[in-house]
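Can you walk me through this protein, step by step?

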Amino acid sequence: PRNQMPKNRSQESPMVSLQTYSKDGTMVVPLRPSVKDYAWGIRGLDSRVARYALESGIIDEVDPDSPYAELWIGTHAKVSWIGE
């Protein structure tokens, strides 16, 4: 069936390494949002964007002087969205 775990993953393209599989064999591609720092964003830990990005491992630390405006998830030329 479609979206089932392949029998032999070694013969597949390198993109397969980005995929994970749930207990029922459904394929899941982890997405990694990108943090956008527009001037109108909220600075430091007052920003929900910054706190979410920190807690989920998207960023390693929050700069108290930087604005955190948006999380971009999806396809865009300026965003690398596929998880590692």
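Predicted model: local features only at pLDDT ≥ 70, side-chain atom pairs only at ≥ 80, totals over all residues.

Me: In what order do the elements of the protein run from the N terminus?
Reply: Helices (H or I, at least four residues) and strands (E, at least two) are DSSP runs, numbered from the N terminus. The protein has one helix and six strands. Starting at the N terminus, the order is β-β-β-β-α-β-β.

Me: What percentage of the residues of the protein count as buried?
Reply: Buried means under 20% relative accessible area, exposed over 50%, and partly exposed in between (1.4 Å probe, protein chains only). The protein has 84 residues, and the share that counts as buried is 26%.

Me: Leaving aside neighbours within four places in sequence, which residues is Ala50 in contact with?
Reply: Contact means heavy atoms within 4.5 Å. Ala50 belongs to that largest core itself. With its neighbours within four places left aside, its contacts are Gly44, Ile59, Val62 and Tyr68.

Me: Is Ile73 buried or exposed?
Reply: Ile73 sits in the segment after strand E6 (70-72). Together with Met27, Val29 and Leu31, Ile73 makes a nonpolar surface patch of about 330 Å². Its relative accessibility is 56%, so Ile73 counts as exposed.

Me: Why is the pair of Tyr38 and Trp40 called stacked?
Reply: Rings of Phe, Tyr and Trp (its six-membered ring) pair if their centres lie within 6.5 Å; planes under 30 degrees apart count as stacked, over 60 as edge-to-face and the rest as tilted. A search of the whole structure finds two aromatic pairs. In the pair of Tyr38 and Trp40, the centres are 5.8 Å apart, and the pair is stacked because the planes are at 20°.

Me: How many residues apart in sequence are the parts that Tyr38 and Trp72 tie together?
Reply: Tyr38 and Trp72 form a tilted pair, 6.5 Å centre to centre and with 50° between the planes. Tyr38 lies in the loop between strand E3 (34-36) and strand E4 (42-43), and Trp72 is in strand E6, so the parts tied together are apart in sequence by 34 residues.

Me: How far apart in space are Trp40 and Ala69, C-alpha to C-alpha?
Reply: Trp40 lies in the loop between E3 and E4, and its relative accessibility of 58% makes it exposed. Not counting residues up to four places away in sequence, Trp40 touches Ala69 and Glu70. Trp40 and Ala69 are 29 residues apart in sequence, but C-alpha to C-alpha the distance is 6.7 Å.

Terms used. Residues numbered from 1 in each chain as written. Heavy atoms only, no water. Core = buried A, V, L, I, M, F, W, Y, C linked by side-chain atoms within 4.5 Å. Patch = residues over 30% accessible without salt bridge, like charges linked within 9 Å, V, L, I, M, F, W, Y side chains within 5 Å. Areas by Shrake-Rupley, 256 points an atom, 1.4 Å probe, with all protein chains shown as cover. Salt bridge = Lys/Arg side-chain N within 4 Å of Asp/Glu carboxyl O.
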